[in-house]
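Here's a quick briefing to read alongside the model. Have a look at the structure first, then work through the notes below.

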Amino acid sequence: MSGLRIPVDGPDGSGTANAVNLLAPNPSPMTLDGTNTWVIGRAEAVLVVDPGPDDDAHLKRVAGHLSDRRVEAILLTHGHPDHSGGAGKLAEMVGAPVRALDPQHRLGDEGLGDGDVLTVDGLELRVVGTPGHSFDSLCFWLPEDRAMLTGDTILGRGTTVIAPDGDLADYLRSLDKLRQRAEMLEAEALLPGHGPVLPDPIGVLDGYIAHRRQRLEQIREAIRQGARDAHEIVEMVYADVDRSLWPAAEMSVAAQLNYLKTL
Ligand SMILES: [Zn+2]
């Protein structure tokens, strides 16, 4: 792969030869530095992945960055508002359809799903279905750059949460699927929905898989020690985690409790 860019001062401007990140100004404990809006393409035409929140300044910046290049489509890694909120406005600004797994988030006739292959300016982008973080989560493989866009399935820092519309069993299967693909395709970078570019895909995925197993074991242990609900489990298992993240942790624990019940 050529052209991996990892700026030291944050994710803005990071990417690979054919993918550049325009960071949205919505930082928070959940969105890290903000949402990464990915522009994929070459001189003639592009795909925009995740326009980010409904933020006029950000959307204008994205449109400005495209200059004369045609936008073939706006793609969503999933429908959460920090990724999709600005999609309608950007679609209007650049005259492009919005393609997503969830029909509710589409503009135009075309959907998006596992196995789809998009071609823009001779560049391929392959859709990989990765439900779990949300029911509609997709990743996008950019073969030319050996890079996988991961949305919120894998983040640039820390770990992701299972949202109320997600499912932990699905998520564990999606991690295994990504791990297999990363090895088979010799992936060289993960381009996440938040946070910096990750240059060691297999190392990161192994870390995610190990982390999930460890958390599940900690939750089993907390239950053995008498924790009775998600809140009590968070107090025990996430004692070392910043309290601002506890509501997210509680959501994640609830998802894990549901999962453990199905075993
Ligand atoms: Zn997000």
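His83 is buried, and His194 is buried too (that's under 20% relative accessible area with a 1.4 Å probe, protein chains only). Keep in mind that this is a predicted model, where local features need pLDDT of at least 70, side-chain atom pairs count only at pLDDT 80 or more, and totals for chains, interfaces and linings use all residues. Residues are numbered from 1 along each chain as its sequence is written, and side-chain values use heavy atoms, with hydrogens and water left out.

**Zinc site**
- Asp82 (OD), His83 (NE2), Asp152 (OD) and His194 (NE2) coordinate the zinc ion at 2.0 to 2.2 Å; donors are N, O and S atoms within 2.8 Å of the metal (3.2 Å for Na, K and Ca), and sites may look incomplete as water is not among the atoms.
- His83 sits in helix 2 (residues 81–84) and His194 in the loop between strand 11 (189–192) and helix 5 (201–224), so the pair ties together parts 111 residues apart in sequence.
- Helices (H or I, at least four residues) and strands (E, at least two) are DSSP runs, numbered from the N terminus.

- Six strands make an open sheet in the order 1-2-3-4-5-6, with mixed pairing; two strands pair if DSSP finds at least two bridges between them.
- At the edges are strand 1 (15–16) and strand 6 (98–99), each pairing on one side only.
- Strand 4 (residues 45–49) and strand 5 (residues 70–75) run parallel over five bridges, and Val49 stands opposite Leu75 in strand 5.

How values were computed: Buried < 20%, exposed > 50% of the residue type's maximum accessible area, 1.4 Å probe, protein only.
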